[in-house]
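Welcome! Have the model open beside you as you go.

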Amino acid sequence: MGAYESILQKSHDRWYPLIEHPVQRALVNAVSQGVRFPLAPAGRRSGKTERFKRFLAKEALRLPGEKYFAAAPTRDQAKKIFWDDLKLFTFSGLHSKPPSETELKIFMPNGTEIHVIGLDKPQRIEGINWTGGGIDEVADVKSDSVEANIMPALNTVDPRRPEYRAWCWWLGVPDGLNHYYDMCQYAETAEDDLWKVYHWKSADILPPDVIEAARRIMSARQFAQEYEASFETASGRIYEEYSKDNYTTATIEPHEQLHWMHDQNYTPLSSAIGVIRDDNLYLLDEIVLTSAISEQSAKEFVEKYTDHSNKHVIIHGDPAGKAGEKHGHASDYTQIEGVLKANGWAFSNEVKRSAPPIKDRQNAVRAKIKTAAGGVSLFVNPETAKWCHKGLSTVQYLPGSTYQEDQRNDYQHITTAIGYMVESKWPVDEQLIITNIGRAN
């Protein structure tokens, strides 16, 4: 097979058949029926982005001299979501003018262009007379950029065709009662034919075993949001499923492997100590110091566990503690490790190079507290780990936010420490191993 035939075959293969779904079919026909702003708050992995890519590619192949965009909250996200697939869908490998890998532009033989855009710099969408496009993960786009940058760009009138108005697909999974929720509410309640909601659940598309796998490892809130596309409220407690089901009277046994979890906040300097039993996390102790540094926390640790027979500890925590010169002292973990070595302890440092997204950390902890299927795999001794217990019981969102934690609650620091370990060892997205579902989209 020659190079031409190979490129043609790869692009042809990418146009595999999809599972038919009436709401998805209506979404594909929305623009032609006069819906300028179709919204698709649909379940994760259920085909909304796939439908948009194909629709955009067909429009670009069909119409000459147009300009389309495919956008996401950041440039890296946009490239990951759209770039390779759009090149295949448009047979770009056969074009006389190759795609620009630096500008993320596809140049069609008919003069049409497709721009892949990151909205972390929302001005990227301005200054072009767009024919149409779509924004994925729209719930994560900055709300002020929708009004200040995106809508003005879509409402820019091309003097060469003053009657034309650009269209935009708004795609994503609900994420609290934020601007995406407001847009969907407007579409459903206002008598405005330019806006319409197209909603379906992941279970409409994905096999039952995939849905059950998600239900087993996700919290009820995250499952409803991600796979049922339900707009969940984000007010009140972050870990609202934490209850008596998570309580234990267990204590640490001398032979057990200790896991020490850190949030390198200056005060209170908070760390949790736990063990793993049958893939369950038991939070059974803690060290919380006021106006302290990590060296003091380490001295407390070695004193507390002088008689512990297993002298190997695994360290988890805040990557910021690796930086050094924080509060005018050496790296937090260098201090900790120095004290451990001096007192005969071995250690493994499993602190990540960078902090996970806050929502990923929270969702991982929620899923250990209780999954949508009712599984509980995180336990706390309220007597020996009082701050862990109080934190999981009381930490709330920052008022007005769908994910930021209210740091006026001192117990927030220890739940953050717990989250660093849980997200590292039990990351929700990586646990959900889904095979052979690409063609189910």
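**Exercise 1.** At what angle do helix H1 (residues 3-14) and helix H4 (residues 75-89) pack, and how many Å apart are their axes?

*Solution.* First, some ground rules. This is a predicted model, in which local features need pLDDT of at least 70 and side-chain atom pairs count only at pLDDT 80 or more, while totals for chains, interfaces and linings use all residues. Residues are numbered from 1 along each chain as its sequence is written, and side-chain values use heavy atoms, leaving out hydrogens and water.

Step 1: helices (H or I, at least four residues) and strands (E, at least two) are DSSP runs, numbered from the N terminus. Axes are lines fitted to C-alpha atoms, for helices over the stretch in contact, and angles run from 0 to 180 degrees between N-to-C directions.

Step 2: H1 and H4 pack at about 110°, and their axes are 8 Å apart.

Step 3: H1 and H4 are therefore roughly perpendicular (65 to 115 degrees counts as such).

Step 4: Lys10, Ser11 and Arg14 of H1 meet Asp85, Leu88 and Phe89 of H4 (contact means heavy atoms within 4.5 Å).

**Exercise 2.** In what order do the six strands of the open sheet lie?

*Solution.* Step 1: two strands pair if DSSP finds at least two bridges between them.

Step 1: the order is E12-E11-E8-E9-E10-E13, with mixed pairing.

Step 2: strand E12 (346-349) and strand E13 (378-380) are the edges, each pairing on one side only.

Step 3: look at the partners. E9 runs antiparallel to strand E8 (residues 258-263), with five bridges, and antiparallel to strand E10 (residues 280-289), with nine bridges. E10 and E13, by contrast, run parallel and share three bridges.

**Exercise 3.** Is strand E9 (residues 269-277) largely enclosed or open, and why?

*Solution.* Step 1: buried means under 20% relative accessible area, exposed over 50%, partly exposed in between (1.4 Å probe, protein chains only).

Step 1: seven of the nine residues of E9 are buried, so the strand is largely enclosed by the rest of the structure.

Step 2: find helix H12 (residues 386-394), which lies across E9, E10 and E13 and runs at about 105° to E10.

Methods
Parallel < 35°, antiparallel > 145°, perpendicular 65-115°, else oblique.
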